[in-house]
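Student: I have a structure open on my screen and would like to talk it through. Could you help me read it?

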Amino acid sequence: MAVLTQQKPTTVIEKLSDEIWRKKFLRNVIIPWVFIAPLLIIHIFVVAIPAVQGVYMSMTDWGGINPNVNFIGLDNYHELLFEDKSFGKSLNNNIVWMLFFLTVPFILALFCASMLAQIKRGGMLYRSILFIPYVLASVVTTTIWKNLLNPKDGIVAASARALGIEGFEVAFLGRTDTALMSIAFIDNWHFWGFLMILFLAAMQAIPPVLYDAAKIDGANRWQEFRHVTLPGIRPIVLFMFMMVAIWSFLAFDYIWLITQGGPGGASEVIATQLYKNAFQRFEAGYAAAQGVVISIFAGFIIMIFVMLRRRGWDI
Amino acid sequence: MKHLKILALLAILLFAISAAGAQDVTTVTLWFAEGSTLDCWGPIMLEFNDIDPAVQLEIVPQADTWNATRTAVVGGGGPDIVRTPGPSFVYEMAQAGLILPMDTFAESMGWSDFFFDWALDLGLVDGQLYSLSDELETLVMYYNVDVFEANGWTPPETMDELNALGEEVAAAGYTVFSHGNASWRPSNEWFVGEYMTQIAGPHNVYKALTGQIPWTDESMVEAMEVLDAHMQAGWYGGGIDLYFTNEGPTRRAMLADGTAAMNIEGSWAIRDLSTYHAESGQDWNWVSVPSKTGADHFTIGMGNTSSINANSAHPEAAAQFLTWYFSPETQGKMLTNCLKGPAPVSISEEVMGELDPRIAKVYADLSDASANDRYGYTTWTFWPPKSDVYIYEEVERVWTGEITVEEYLEGLNELFAEELEAGDIPPIPLR
């Protein structure tokens with residue numbers, strides 16, 4: 001009995017004349033590329049090309065208006081890293097901002113999510129209430145809090161005064177020692193509900209049998225949280241750690257809307273400084289260099305997480 | 001018969017096309033910030049459309065007009081009329097060839113007949129006219145008449161008198177100046193420019209602006225030290241912390257309700273003063289900001305400028321609109337109807353007579369000061385962009401005790417020297 005065996009095509013000509021191979025190639029290679037092509041084209045024009053242009057602009061003395069620019073090499077970077085004292089101050093504020101957002105909202109969100117995960121009835125109402133600040137526009141949030149924190153007529157100061165409590169008539173947003181943290185507090189008021197919802201969703205995906213097993217082993221609530229909940233939501237917590245660290249270098253809207261970096265540069269961060277350089281001082285090339293530096297910081301953070309992942313961290 | 005019908009239809013079509021061609025309309029575009037100012041100015045500006053049906057103005061509301069305009073013009077588009085926030089912004093656009101020189105229009109349309117001479121000079125870049133200045137501004141010292149009368153105070157004329165009165169006002173429990181920069185952080189610069197003009201003197205400021213003396217000159221140090229002393233004494237807004245948190249409405253209400261006695265601010269504040277004081281029932285008036293010598297000095301400022309876009313398809317029509325808009329008649333109407341700061345043009349006494357005498361006096365005194373060498377300089381009009389930003393950003397570090405007045409002025413001097421060398425200084429009228 002003769003056995004018919006079909007040989008796999010090896011050369012390009014053989015492959016192209018083989019119908020099965022052609023269909024496979026079409027399905028596995030061509031069609032995915034066709035579907036992704038529109039997004040890829042948009043990305044090239046909207047992200048990749050402007051990014052390359054941005055890197056080029058960072059090596060010029062472009063003012064933002066005059067199209068005639070001079071290539072000045074790494075002068076902007078030299079000035080930024082070795083001469084501009086205000087950049088160091090802004091970077092320091094960004095790091096303080098990052099440390100705040102890597103702790104306060106995470107603790108709040110983890111605590112509230114673990115509490116809410118236990119609630120069987122009415123949980124949706126709590127979740128909605130705590131999530132509402134996240135859907136408010138930053139302009140609305142900042143206006144509300146600027147009024148609340150007004151040292152004269154703000155509700156906080158006025159209520160404390162009415163109750164005879166001293167010490168609340170403080171211009172939190174007007175003092176160099178409290179401005180940055182006050183803005184961080186306001187931004188956090190808006191932000192932490194988002195983290196809480198993410199953590200809550202992750203917690204609800206943890207199989208209940210693990211909690212049952214922990215209970216049988218005699219675990220208390222803290223031990224359940226430490227040995228079941230936290231490992232169960234670790235990927236999302238670590239991912240959000242990375243995102244929040246990156247977002248911290250992009251902090252702009254709340255600071256701009258409330259103090260514009262003041263008073264006396266106390267709440268200045270790299271992004272507000274970048275905006276001023278580009279649109280007020282007309283140093284667009286220098287501002288582009290600042291933008292590139294922010295991207296490098298973000299890349300550095302991503303690199304740390306990639307390394308952790310390669311070492312087996314579940315991210 | 002069928003062919004006849006087709007021919008008749010073709011004839012009608014051709015007639016219609018030619019008739020439409022005969023009514024070609026040239027549209028001049030202007031981008032303007034959305035809001036209450038446009039609500040009042042807009043209808044008056046659109047009266048231009050009644051003059052010549054063939055040239056029509058189209059106002060396009062924009063949220064962030066200057067940045068939108070700048071970006072569009074650099075990209076080869078933008079409106080026909082390019083409005084900038086002041087003469088210092090015109091320089092770079094002119095250098096880049098983004099706006100047109102308007103000397104031929106100025107000559108053919110007789111702009112020098114109604115513009116003050118120095119005002120046209122403000123629009124010169126390398127000897128050619130690139131912009132027309134609008135919204136003449138000056139800073140004065142407003143005061144609450146009721147508070148002054150109740151305490152038997154008279155408005156000060158010299159800086160020494162102001163210092164003495166300020167202490168009295170503070171001791172009586174009033175805030176000396178109703179102020180705050182929370183709504184507009186660059187308002188810091190109002191005081192820097194004003195104290196320099198009133199204490200160092202307009203001639204010294206002129207010398208510094210033209211590079212004849214440094215900004216670290218003794219007279220400038222003295223001016224900045226007086227300003228710092230007033231800030232440290234809590235005269236502005238009730239304390240430095242409060243100054244940084246007081247919003248615009250708070251500032252207005254403080255003077256109107258008598259919480260504060262005075263307010264050093266620009267002529268633009270008049271619009272709001274009338275409203276707030278009508279509500280509180282307390283009266284207001286103004287005097288020139290006290291100077292070291294007692295002379296009445298008025299700083300000159302321009303709110304914005306108008307130019308013609310180099311990309312404009314019909315610059316002639318744009319120039320036609322500018323001629324109409326800057327005419328004393330239109331400016332007079334906008335002043336009386338909207339309390340708009342007029343362009344630096346000669347507005348008739350008849351129009352000025354229709355105004356509240358307090359308002360008319362601001363412009364009459366400013367005009368007198370500019371004609372008699374008593375005018376000074378506002379930072380946003382006469383300082384180059386980087387130095388201007390430095391002035392209002394870094395002065396906060398002086399007020400919060402981070403740097404000294406000398407260090408602040410050294411920084412300004414260094415930055416200004418760079419911009420002076422690069423030729424980025426806006427036109428400074430000779431004196």
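This is a predicted model: local features need pLDDT of at least 70, side-chain atom pairs count only at pLDDT 80 or more; totals for chains, interfaces and linings use all residues.

Student: What radius of gyration does chain B have?

Tutor: The radius is taken over C-alpha atoms, and the globule rule is 2.2 Å times the number of residues to the power 0.38. With 431 residues, a compact globule would come near 22 Å. The value for chain B agrees with that, at 25 Å.

Student: What percentage of the residues in chain B are buried?

Tutor: A residue is buried if 20 or more other C-beta atoms, placed from the backbone, lie within 10 Å of its own. Of the 431 residues in chain B, the buried share is 47%.

Student: Which strand order does the open sheet of four strands in chain B have?

Tutor: Strands here are DSSP runs of E, at least two residues long, and helices are runs of H or I, at least four long, both numbered from the N terminus. Two strands pair if DSSP finds at least two bridges between them. In this sheet, β8 (175–177) and β10 (284–287) of chain B each have a single partner strand, so they stand at the edges. With mixed pairing, the order in chain B is β8-β9-β7-β10.

Student: Which residue is the bridge partner of B:Tyr142 in β10(B)?

Tutor: Strand β7 of chain B covers residues 139–144 and pairs with β10(B) in the antiparallel sense over four bridges. For B:Tyr142, the bridge partner in β10(B) is B:Trp286.

Student: At what angle does helix α9 of chain B run to β9(B)?

Tutor: Axes are lines fitted to C-alpha atoms, for helices over the stretch in contact, and angles run from 0 to 180 degrees between N-to-C directions. Helix α9 (residues 188–200) lies across β7 and β9 (260–266) of chain B. Its angle to β9(B) is about 85°.

Student: How many residues of domain 2 of chain B are in contact with domain 1 of chain B?

Tutor: Domain bounds come from an automatic or database assignment, which gives domain 1 (25–135 + 302–358) and domain 2 (139–300 + 374–421) in chain B. Two residues are in contact if their C-beta atoms, placed from the backbone, lie within 7 Å. Seven residues of domain 1 of chain B take part, and from domain 2 of chain B the number is twelve.

Technical notes. Residues are numbered from 1 along each chain as its sequence is written. Chains are lettered from A and ligands numbered from 1 in the order in which they are written. A residue is buried if 20 or more other C-beta atoms lie within 10 Å of its own, exposed if 12 or fewer, and partly exposed in between; C-beta atoms are placed from the backbone.
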